[in-house]
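This briefing goes through selected features of one protein model. Please look over the sequence and the structure before reading on.

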Amino acid sequence: MKQQAESKAEEKKLIVFLDCGDTIIDEGTEIRDEQGIVIHGKVIPGADIMVKTLAERGYRLALVADGDAQSFKNLLTQNGLYDYFETLTYSEPVKASKPSPRMFKAAVGAMDLSEKDYSRIIMVGNNLSRDVRGANQLGITSVFLSWTQRYPKAPADDLEIPNYTINEPQALIDLVEALNLQLA
């Protein structure tokens with residue numbers, strides 16, 4: 001993985017965990033093979049710019065996504081985004097799916113972080129019951145990307161209430177910059 005953050009003069013305090021489906025890749029464009037592996041998919045408008053801009057500004061990025069490793073490798077590679085992530089945490093090798101704490105803890109461990117760092121991590125995703133609930137139950141800041149109509153937009157309970165809601169991927173750039181300033 002790229003060590004972009006280490007090459008930056010000023011390392012950002014905020015760390016960004018991103019889901020993939022309907023957060024970076026439009027699930028409606030996915031094409032799967034006979035085994036169910038995603039072999040093609042297109043980015044949500046602006047998601048590629050969001051990922052590249054955050055990485056270029058020195059933010060450490062982790063993918064935290066449910067599914068098969070090969071699907072994400074295919075999607076991120078063909079869309080030129082694979083190397084922007086410091087680590088990629090998938091449910092397949094972790095043997096758990098979000099909102100399981102194991103998913104988030106695996107990404108935290110892969111980035112050589114600990115529970116002390118939860119307050120400076122944000123989890124960005126499209127699913128209240130997985131991404132938001134999983135982040136909230138660990139005290140990680142949750143950001144709901146309310147872009148798709150595929151999943152519920154109304155929280156089922158208090159654990160599904162996001163700390164922040166954005167409507168399109170590029171709105172994350174300003175939010176991340178503001179949250180990072182609060183940590184400084």
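The model is a predicted one. Strand 7 (residues 141-145) is largely enclosed by the rest of the structure, because five of its five residues are buried.

**Largest pocket**

- Helix 3 contributes the most to the lining, with three residues.
- By residue class, the lining of the largest pocket has nine charged, six polar and five nonpolar residues.

**Aromatic pair**

- One aromatic pair is present in the structure.
- Its members are Phe72 and Tyr90, which are stacked with 5.2 Å from centre to centre and 5 degrees between the planes.
- Phe72 belongs to helix 3 and Tyr90 to strand 5 (residues 87-90), so the pair ties together parts that lie 18 residues apart in sequence.
- Phe72 and Tyr90 are both buried.

**Strand 7 and its neighbours**

- From strand 7, Thr141, Val143 and Leu145 point one way, while Ser142 and Phe144 point the other way. Residues on both sides are buried.
- Strand 6 (residues 121-125) and strand 7 run parallel and are joined by four bridges.
- Within this pairing, Val124 stands opposite Val143 of strand 7.
- Between strand 6 and strand 7 the chain passes through helix 6, giving a β-α-β crossover that is right-handed.
- Val143 stands opposite Tyr164 in strand 8.

**Helix 2**

- In helix 2 (residues 47-56), the buried residues are Ala47, Met50, Val51, Thr53, Leu54 and Ala55.
- Gly58 follows helix 2 and has a positive phi, near 100 degrees.

**Backbone details**

- Most residues other than glycine have a negative phi, and most peptide bonds are trans.
- Asp22 is not a glycine, yet its phi is positive, at about 60 degrees. Asp22 sits in the loop between strand 1 (15-18) and strand 2 (31-32).
- Asp22 has a relative accessible area of 0%, so this residue counts as buried.
- Lys95, likewise not a glycine, has a positive phi of about 65 degrees. The loop between helix 4 and helix 5 holds Lys95.
- Lys95 has a relative accessibility of 64% and therefore counts as exposed.
- The peptide bond between Lys98 and Pro99 is cis, with omega about 15 degrees.
- Pro99 lies in the loop between helix 4 (91-94) and helix 5 (101-110).

Conventions: Residues numbered from 1 in each chain as written. Predicted model: local features only at pLDDT ≥ 70, side-chain atom pairs only at ≥ 80, totals over all residues. Heavy atoms only, no water. Helix = DSSP H or I, 4+ residues; strand = E, 2+ residues; numbered from the N terminus. Nonpolar A, V, L, I, M, F, W, Y, C, P; charged D, E, K, R; others polar. Buried < 20%, exposed > 50% of the residue type's maximum accessible area, 1.4 Å probe, protein only. Pairing = 2+ DSSP bridges. Right-handed = clockwise from strand over helix to strand, strands pointing away. Phe/Tyr/Trp six-rings, centres within 6.5 Å; stacked < 30°, edge-to-face > 60°.
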